[in-house]
Amino acid sequence: MMLVAQGLSKAYGRTQVLSEVELRVGKGEWWGIIGPNGSGKSTLMQLLSGVERPSKGSVRLLDREIGSYSRKALARIVAVLQQEGLDPTDFTVREVLEMGRYPFLNWLGREEQDAAPLIDSIMEKLELRDIQERRLTELSGGQRQRVALGKVMVQEPSLLMLDEPTTYLDIHYQLQFMEMVDAWRQASEITVISVLHDLNLAAQFCDKLLVLHEGRVAGMGSPEEVLTEAYISRIFRVMPSVVKHPENGAPQVLLTANRTRK
Ligand SMILES: Nc1ncnc2c1ncn2[C@@H]1O[C@H](COP(=O)(O)OP(=O)(O)OP(=O)(O)O)[C@@H](O)[C@H]1O
């Protein structure tokens, strides 16, 4: 197993944010974490990536307690891409990708192997070559998000964690982003855990969905099992129509005007 969470709970003061989450993520799987605003998705991601400690329960990464890894050792296994992506700084695209190699530097600040060919090939894949000397301040939000993905790719992680990675992207780049992650997953057998608000993209790319509701696991399974009208209606308080995607059969959630519920 890539990642196993048992009895995972988190409280901030008296507020219980997550309760008794159980999760087993196998190598090479793509999990989508879905759920309403405030249901605990980001908190769960922080616990699963070792950024935050649980109040109760445990997270085991590759059969070892996640808290027992050094920061650098953890960064060689897990890469996290935040919703905001990268801040617009004065660094160039190429420099940012080079920084992604930080976990592989020795105490002299050098790498044992030259990372330039890897960085070049990732820039090629992400269509970043032509803008490699541009500064992040000179890029659009969508371009910066591609650089952010490039930075985690050069890290060559086994586990990729994405927190609402497509929020600021137009539909072209949303789809392209998901396709790139998928292509990468198939080529390198990485495991992906992503928070996604877009249920229709989640249904097409994820093998498994975990539904959070008020800090508890409210459902788990394939998109077909989880994305049903009754279920979405209860969790998200809307009355949708769920139809089959005409090309690939994935469940697709259509919202109808004036159909929210209290
Ligand atoms: N550091 C904190 N201190 C206190 N409460 C927190 C803290 N972080 C999160 N919370 C609370 O925990 C709950 C879950 O927050 P979280 O950000 O995990 O939800 P989410 O599902 O990611 O939400 P969204 O979809 O809105 O991003 C919320 O009620 C939030 O106010």
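First, a term. A residue is buried if 20 or more other C-beta atoms lie within 10 Å of its own, exposed if 12 or fewer, and partly exposed in between. Keep in mind that this is a predicted model.

Now find helix H5, residues 141-154. How many of its 14 residues are buried? Eleven, so H5 is mostly covered. Among the buried ones are Arg144, Leu149, Gly150 and Val154. What covers them? The cover includes strand E6 (78-81), helix H3 (93-99), helix H4 (116-125), strand E7 (159-163) and helix H6 (171-188).

Next, a length check. At 1.5 Å a residue, H5 should span 20 Å. Its end C-alpha atoms are 20 Å apart, which agrees.

Glutamate 156 sits in the loop between H5 and E7. Its phi is near 45°, a positive value in a residue other than glycine.

Another glutamate has a positive phi. That is glutamate 20, near 50°. Glutamate 20 lies in strand E2. With 14 C-beta neighbours inside 10 Å, glutamate 20 is partly exposed too.

Last stop, the ligand. Strand E2 (15-25) and helix H1 (41-48) each supply at least two residues of the shell around the ligand. H1 gives the largest share, three residues. The residues around the ligand include Tyr12, Thr15, Asn37, Lys41 and Thr43. By class, the shell has eight polar, two nonpolar and one charged residues.

Methods: Residues numbered from 1 in each chain as written. Predicted model: local features only at pLDDT ≥ 70, side-chain atom pairs only at ≥ 80, totals over all residues. Helix = DSSP H or I, 4+ residues; strand = E, 2+ residues; numbered from the N terminus. Expected span 1.5 Å × (residues − 1). Contact = placed C-beta atoms within 7 Å. Near = placed C-beta within 6 Å. Nonpolar A, V, L, I, M, F, W, Y, C, P; charged D, E, K, R; others polar.
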